[in-house]
Amino acid sequence: MSSSKSLLIRRARIILPNGEFMVGDVLTRDRQIVEVAPEVSTQTPTTEIDAAGLTLLPGVIDPQVHFREPGLEHKEDLFTASCACAKGGVTSFLEMPNTRPLTTNQQTLDDKLQRASTKCLVNYGFFIGATAENLPDLLTVKPTPGIKIFMGSMHGQLLVDQEAALEAIFAQGNRLIAVHAEDQARINQRRQKFASIHDPAIHSQIQDNQAALLATKLALKLSKKYQRRLHILHMSTAEEADLLRQDKPSWVTAEVTPQHLLLNTSAYEKIGTLAQMNPPLRSPHDNQVLWQALRDGVIDFIATDHAPHTLAEKAQEYPNSPSGMPGVETSLALMLTAAIEGQCTIAQVAHWMSKAVAVAYGIPNKGAIAPGYDADLVLVDLNTYRPVRREELLTKSGWSPFEGWNLTGWAVTTIVGGEIVYDKGKLNTQVRGQVLTFL
């Protein structure tokens with residue numbers, strides 16, 4: 001019988017569940033937090049961390065990532081991605097179904113779960129992908145945080161863009177539906193219109209604000225008709241935020257990515273196709289409206305949509321260049337830097353990147369620093385700034401759209417299930433996360 005593992009974090013500036021801070025200690029034992037107090041004393045043999053000068057936050061739950069395994073491991077795999085998570089303070093992730101094969105039934109879901117159990121340094125969950133034909137699977141597979149529907153932006157068999165097929169999915173079952181909301185018919189029409197242009201900046205005009213709004217309106221209409229739990233992924237436009245501000249049922253949630261808050265169409269001139277993603281980057285006005293919607297609770301939380309491609313793939317001429325960018329290593333530092341600059345508070349960042357995600361997806365015992373919660377934690381340094389350097393990134397893709405940005409709030413120590421998985425630049429690759437459960 002193995003002895004219980006315990007960890008004592010001393011003298012940290014701890015964010016409490018009410019959003020206030022306390023300097024004190026946190027004791028964990030067997031994957032859980034057992035005590036939070038100004039000073040904790042313990043007789044048990046315990047690993048200690050002196051966290052003086054550091055801030056302790058709940059580990060980040062990233063609810064939208066594309067980790068490329070199986071089938072596209074040259075871009076990323078579950079091991080490299082989970083290493084990048086640990087370095088970024090991300091202790092749990094929810095991964096999307098557009099791998100090869102697609103995650104569309106119990107067999108392909110089980111394959112991912114088995115792979116993750118042997119490779120992932122952090123906790124994991126996997127969406128089931130909707131097709132026009134797999135409704136029975138959508139009702140029965142488990143465990144999964146929900147059903148992912150690509151309403152647009154092309155994804156082969158995963159593209160479900162006909163209202164009748166969408167309605168059939170909304171009408172049956174009660175599992176959460178997460179939508180990539182872009183109108184494929186409008187995109188196709190505009191792609192033909194701008195076919196002769198190879199400047200990647202045209203991407204934001206082809207997949208314009210209207211394409212996003214049309215699809216979000218349709219998803220909202222079907223959600224209201226069936227009172228079906230709906231989550232709108234990577235919301236990118238002022239128009240969608242305004243729509244939800246006026247009409248957001250209690251069972252609807254939405255997320256935004258750091259890149260849709262912090263980057264806009266001016267990025268194409270600086271970094272070219274590295275700025276290309278779906279839905280595309282928008283205007284500075286969209287940035288401002290999305291920030292306000294996030295602060296007001298119209299948008300509920302943050303996700304990265306980590307979607308890596310190799311630099312060689314990205315170097316192709318538009319439109320042959322693929323859409324997507326990596327994000328798990330930089331998201332927390334980006335948001336904490338924005339907080340220090342006055343866009344929001346540290347407490348809001350912790351809420352948006354952890355607690356609100358756990359609540360929305362029904363993930364028990366995650367997202368707060370309190371006894372009984374899982375010991376998924378991150379110590380960050382809010383006193384030191386460091387630039388994003390390509391050579392320091394752990395994502396297999398090896399680049400970031402934020403390269404050169406000077407950020408604070410970098411993870412110093414990341415803890416998964418009470419075990420130190422990342423500490424001062426070093427990974428413990430023996431740590432394994434656990435499969436997430438969804439209530």
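In this predicted model, Asp247 counts as partly exposed, at 26% relative accessibility. Its salt-bridge partner is Lys224, and the closest N and O atoms of the two residues are 2.6 Å apart. The briefing below begins with this contact and then turns to other salt bridges, to aromatic rings, to charges over rings and to one hairpin.

**Salt bridges**

- The bridge between Lys224 and Asp247 links distant parts of the chain, since Lys224 is in helix α7 (residues 209–226), whereas Asp247 is in the loop between α8 (238–246) and β13 (252–256), 23 residues apart.
- Lys224 counts as partly exposed, with a relative accessibility of 39%.
- A search of the whole structure finds 24 salt bridges, and one of them joins the side chains of Asp50 and Arg11, with a distance of 3.3 Å from N to O.
- Because Asp50 lies in strand β4 (residues 47–50) and Arg11 in strand β1 (residues 6–15), this pair ties together parts that are 39 residues apart in sequence.
- Asp50 is exposed, with a relative accessible area of 51%, while Arg11, at 44% relative accessibility, counts as partly exposed.
- Another salt bridge brings together the side chains of Glu73 and Arg115, at 3.8 Å from N to O.
- Glu73 belongs to the loop between β6 (60–65) and α1 (78–88) and Arg115 to helix α2 (residues 106–119), so the contact ties together parts that are 42 residues apart in sequence.

**Aromatic rings**

- A pair of aromatic rings is described by the distance of the centres and the angle of the planes.
- The structure holds six aromatic pairs, among them the edge-to-face pair of Phe93 and Phe126, with 6.1 Å from centre to centre and 75° between the planes.
- This pair links distant parts of the chain, with Phe93 in strand β7 (residues 90–95) and Phe126 in strand β8 (residues 123–126), 33 residues apart.
- Phe93 and Phe126 are both buried, and together with Phe67 and Tyr124 they form one aromatic cluster.
- The ring centres of Phe402 and Trp405 are 4.9 Å apart and their planes stand at 85°, so this pair, too, is edge-to-face.
- Phe402 is buried, with a relative accessible area of 2%, whereas Trp405 is partly exposed, with a relative accessible area of 30%.

**Charges over rings**

- Arg13 lies over the face of Phe21, at 3.7 Å from the ring centre.
- In another part of the chain numbering, Lys148 lies over the face of Phe150, at 3.8 Å from the ring centre.

- Strand β2 (residues 21–29) pairs with strand β3 (residues 32–37) in the antiparallel sense, over five bridges.
- One of the residues taking part is Asp25, whose bridge partner in β3 is Ala37.
- The hairpin has two residues between its strands, and Asp30 takes a positive phi near 50° there.

Note on methods
Residues numbered from 1 in each chain as written. Predicted model: local features only at pLDDT ≥ 70, side-chain atom pairs only at ≥ 80, totals over all residues. Heavy atoms only, no water. Pairing = 2+ DSSP bridges. Helix = DSSP H or I, 4+ residues; strand = E, 2+ residues; numbered from the N terminus. Phe/Tyr/Trp six-rings, centres within 6.5 Å; stacked < 30°, edge-to-face > 60°. Buried < 20%, exposed > 50% of the residue type's maximum accessible area, 1.4 Å probe, protein only. Lys NZ or Arg CZ within 6 Å of the ring centre and 35° of its normal. Salt bridge = Lys/Arg side-chain N within 4 Å of Asp/Glu carboxyl O.
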